[in-house]
Amino acid sequence: MNGDGINRRAIQWFPGHMTKTLRVMEKEIRNVDCVLQLLDARIPLSSLNPEIQRITAGKPHLYLLNKADLADPEITAQWVEYFHRAGAGCLAVTSRQGGGMGNVKKLILSQLTQLMEKRANKGMTGAKIRVMVVGIPNVGKSTFINSFAGQARTKAEDRPGVTRGKQWVSVENFDLLDMPGVLWPKFDSLETATNLAFIGSIKDDILDIEELATGLISQVSRLYPEQVAQRYKLDPQALEMPPYDLLEEIGRKRGMLISGGEVNTQRAAIMLVDEFRGSKWGRISLERPPVRERVEE
Ligand SMILES: Nc1nc2c(ncn2[C@@H]2O[C@H](COP(=O)(O)OP(=O)(O)OP(=O)(O)O)[C@@H](O)[C@H]2O)c(=O)[nH]1
Ligand SMILES: [Mg+2]
C-alpha cells in the first residue's frame with residue numbers, strides 16, 4: 001500500500017549491537033530470578049519482542065505497560081485484562097511520573113512466593129531478588145529503573161539506543177539489571193514495524209519522515225478522527241483525503257510554506273511526528289486487544 005507507504009525493507013532495524021544484547025541476555029538470564037518486560041502501552045503487542053520471549057522462557061515474567069500517560073486509558077485497561085486472562089502478571093505504569101512503583105514491587109514479590117519460601121527455608125532471607133528489565137529501544141527501561149530506585153541511577157533520553165551495555169542497579173532488596181533496548185531480526189508484519197516507528201523505537205534517521213507522518217496521520221485519523229481534526233482545525237471530511245494531501249493541508253494551515261507557495265512537507269511531517277510523540281493529539285492507543293473469542297460450551 002503506497003498511500004500509507006512505509007517500506008518494509010527500510011524499516012527493519014537490527015544492528016550488530018542488538019545481536020550482542022540478545023547474547024548478553026542469553027547469558028544473564030541464568031543469573032536472574034525474574035524478568036520484567038516493558039511494553040509501550042500504546043502498542044502492547046507490537047512492542048512485545050518474540051526474541052525476548054524465547055530467551056526468557058522458563059523464568060517468571062511480568063509485563064509493564066509503560067507510558068500509560070500517553071495511551072487511551074480505556075484501551076489500556078482492556079490490555080491489562082487481556083494479559084491477566086492469558087495468566088500473565090501485568091500492570092500499567094507511567095515511569096516518568098514515578099507513581100505505582102510500590103505496586104510493581106508487590107507484583108514481583110507475588111510472582112516469587114515459591115522462591116522466597118525456598119530461600120527462607122535455607123535461611124537465605126537476605127538474598128537479593130534479581131530482576132532483568134528488558135524491552136524494545138526507548139520504551140522507558142532506564143526511566144523505570146530510576147523511578148523504582150527513587151533517584152537517577154541510569155542514563156535515560158528520548159531516543160532509541162541510549163543504554164549501550166548492561167548495568168546492575170541495587171535498590172533495597174532488589175538488584176535490577178538494565179539492558180540496552182532490543183528489537184528482532186524480522187518483523188512479522190508491516191503493521192508491527194510501522195507501529196514501532198511511530199512511537200520512536202526505530203532510529204528516525206533510517207526512516208522517510210514523510211512516509212512516517214502520512215502513515216501515522218492516516219492510522220490515527222481512522223482511530224481518533226475528532227482528536228486529529230481538532231488539533232489541526234480540519235473539517236471531519238478532510239480526514240478522508242489521501243494522506244499526502246492531508247499532510248500538505250496541515251502544513252498549509254500551519255503556514256509551512258516555501259517560495260512559490262508550496263508546502264514544506266518535510267517540515268510538516270517532522271512537526272506531525274513530534275506532536276504525536278509529545279501527546280499533543282491527546283491520549284492515543286494505536287493498537288487494541290484482539291476481540292475475545294467465544295468459548296464453545
Ligand atoms: N510520557 C512518558 N515518557 C516516558 C515514560 N517513561 C519513559 N519516558 C520517556 O521515554 C524516553 C526514553 O526513556 P529511556 O528510559 O531512556 O528508555 P530506554 O528503554 O532505557 O531506552 P534505550 O536504553 O535506548 O533502549 C525518555 O524521554 C523518557 O523520559 C512514561 O511513563 N511516560
Ligand atoms: Mg536505557
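These legends describe close-up views of a predicted model.

Local features here need pLDDT of at least 70, side-chain atom pairs count only at pLDDT 80 or more, and totals for chains, interfaces and linings use all residues. Residues are numbered from 1 along each chain as its sequence is written, and chains are lettered from A and ligands numbered from 1 in the order in which they are written.

**View 1. The open sheet has 6 strands in the order β3-β2-β1-β4-β6-β5.**
Its pairing is mixed. β3 (89-92) and β5 are the edge strands; each has a single partner strand, so one side of each lacks a neighbour in the sheet. On average, neighbouring strands are turned by 25 degrees against each other, direction ignored. Strands (E, at least two residues) and helices (H or I, at least four) are DSSP runs, numbered from the N terminus. Two strands pair if DSSP finds at least two bridges between them.

**View 2. Strand β6 (residues 174-178) pairs with β4 (residues 129-135) and with β5 (residues 167-171).**
β4 and β6 run parallel and are joined by 5 bridges. I129 stands opposite F174 of β6. β5 and β6 run antiparallel, also with 5 bridges. W168 has L177 of β6 as its bridge partner. V169 faces L176 in β6.

Axes are lines fitted to C-alpha atoms, for helices over the stretch in contact; angles run from 0 to 180 degrees between N-to-C directions.

**View 3. Ligand 1 is surrounded by 24 residues.**
The closest are G140, A156, D158, T163 and G181. A residue is near the ligand if its C-beta atom, placed from the backbone, lies within 6 Å of it. Helix α7 (residues 141-149) gives the most to this shell, with 3 residues. By class, the shell has 7 nonpolar, 11 polar and 6 charged residues. Ala, Val, Leu, Ile, Met, Phe, Trp, Tyr, Cys and Pro count as nonpolar, Asp, Glu, Lys and Arg as charged, and the others, Gly among them, as polar.

**View 4. Helix α9 (residues 209-223) crosses helix α12 (residues 265-277) at roughly 50 degrees.**
Their axes come within 8 Å. That makes α9 oblique to α12. Angles under 35 degrees count as roughly parallel, over 145 as roughly antiparallel, 65 to 115 as roughly perpendicular and the rest as oblique. The crossing is left-handed (the near helix is turned anticlockwise from the far one by less than a right angle). From α9, I209, E210, L212, A213, L216 and I217 meet T265, Q266, A269, I270, L272, V273 and F276 of α12. This contact holds 10 nonpolar, 2 polar and 1 charged residues. Contact requires C-beta atoms, placed from the backbone, within 7 Å.

**View 5. Helix α11 (residues 243-253) packs on α12 at about 90 degrees.**
The axes are 9 Å apart. The two helices are therefore roughly perpendicular to each other. L247, E248, I250 and G251 of α11 meet T265, R267, A268, A269 and L272 of α12. The contact divides into 5 nonpolar, 2 polar and 2 charged residues.

**View 6. α9 and α11 pack at an angle of about 100 degrees.**
Their axes are 9 Å apart. That makes α9 roughly perpendicular to α11. E210, A213, T214, I217 and S218 of α9 make the contact with P243, Y244, L246 and L247 of α11. Here the classes are 6 nonpolar, 2 polar and 1 charged.

Terms used:
Two residues are in contact if their C-beta atoms, placed from the backbone, lie within 7 Å.
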